[in-house]
Amino acid sequence: MRACRVSSTVIFAAALSACTAPAPAAEDPDFESAEYRAEREAMRREVAPIRAALIRDLYHRWDELAAARAGIPPKDHAWWRENIEWLRPRLGACGAPEAIDAHATASHGRFRYPCENGALELEIWIDYGLVDRVRFGGRGIEAPEPVRAAAEEVVAAMPLGDVELDRWPAGDDFISDFAVGLGRCEIRGTDITGVRGGLFYLECEGGDAHFKVGLDHRDGLPRVLRLWPPQDERHRYRGRFGV
């Protein structure tokens, strides 16, 4: 990918941006060495399940060089560390990744890692050996208080009128026939969460829904809002989910 695409995350978040090729890692003077170039060429042939296993290792023990060699651009390391350091004490140790995506390809897949206190979930896209886009979050744990509070504020205002739509960049999701038909809603539970975003189950007058909120890292305000009808587990996150 060379055009900028942003995933918030969680995820499911909280957005990871991977808009340009990575600069060499300061901690890795051999980044451009012949040996490392060979490793990077090999990474181009690695499929998503291999990366999912490497990310599990990074979850348990973060290492800058290992992260770069797993194809994570160095400029994105801070985002990964922030999310991992928030998730790890809440989820505990996690097992091997299990593929749960009905539309997986060699360069894209969605995985769940069973953990001591819930589950870690990852959706990953690989482009020319690099982790191009990711959605990453935890199941079975409570959302951070700022994320939960922002979600409750938005849901309490649904169905959103002009004032709320001017205040929050909610997009067309919240003016669709589906959204209007939901009527008043309340949060029934947390699905997946990360340090700056979460996906929630809604119970509404007109039926159930999934709702995502992502907070701006600069001011903590809701900047990413999405709304979906309930979907089959294998297909749920086709939209711009990312905590």
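This report walks through the sheet of a predicted model and the helices around it.

## Before we start

Residues are counted from 1 along each chain in the order its sequence is written. Because the model is predicted, local features need pLDDT of at least 70 and side-chain atom pairs count only at pLDDT 80 or more, while totals for chains, interfaces and linings use all residues; side-chain values rest on heavy atoms, with hydrogens and water left out.

Helices (H or I, at least four residues) and strands (E, at least two) are DSSP runs, numbered from the N terminus.

## The sheet as a whole

Let's begin with the sheet. It is an open one of 8 strands, in the order β3-β4-β5-β6-β7-β8-β9-β10, with antiparallel pairing. β3 and β10 (222-228) stand at the edges with a single partner strand each, so one side of each is left without a neighbour in the sheet. Two strands are said to pair if DSSP finds at least two bridges between them.

## From β3 to β5

Strand β3 (residues 98-99) pairs with β4 in the antiparallel sense over 2 bridges. Here Ala99 stands opposite Phe111 in β4. On to the next pair: β4 and strand β5 (residues 118-127) run antiparallel and are joined by 8 bridges. These two strands form a hairpin with 2 residues between them, and Pro114 has Ala119 in β5 as its bridge partner.

How many residues of strand β4 (residues 108-115) are buried? The count is 7 of the 8, so β4 is largely enclosed by the rest of the structure. Buried means under 20% relative accessible area, exposed over 50%, and partly exposed in between (1.4 Å probe, protein chains only).

A hairpin of 3 residues links β7 to β8. Across this pair, Ile192 stands opposite Leu199 in β8, and Glu186 stands opposite Glu203 in β8.

β8 is mostly covered, with 6 of its 8 residues buried. On to its pairing with β9: 8 bridges join the two strands, which run antiparallel, and a hairpin connects β8 to β9 through 2 residues. Tyr201 stands opposite His210 in β9.

## Two helices, α2 and α4

Now for the helices. The axes of helix α2 (residues 48-60) and helix α4 (residues 77-91) come within 9 Å and cross at roughly 75 degrees. That makes α2 roughly perpendicular to α4. Axes are lines fitted to C-alpha atoms, for helices over the stretch in contact, and angles run from 0 to 180 degrees between N-to-C directions. Angles under 35 degrees count as roughly parallel, over 145 as roughly antiparallel, 65 to 115 as roughly perpendicular and the rest as oblique.

Which residues of α2 meet α4? They are Ile55, Leu58, Tyr59 and His60, and they meet Trp80, Ile84, Leu87, Arg88 and Leu91 in α4. Contact means heavy atoms within 4.5 Å. By class, this contact has 7 nonpolar, 1 polar and 1 charged residues; Ala, Val, Leu, Ile, Met, Phe, Trp, Tyr, Cys and Pro count as nonpolar, Asp, Glu, Lys and Arg as charged, and the others, Gly among them, as polar.

## A buried arginine

Helix α2 also holds Arg51. Is Arg51 buried or exposed? Arg51 counts as buried, because its relative accessibility is 0%. Its side chain reaches the backbone oxygen of Gly129 at 2.9 Å.

How values were computed. A polar contact is a pair of N or O atoms within 3.5 Å; within protein, one must be able to donate a hydrogen and the other to accept it, and residues adjacent in sequence count only if both atoms are side-chain atoms.
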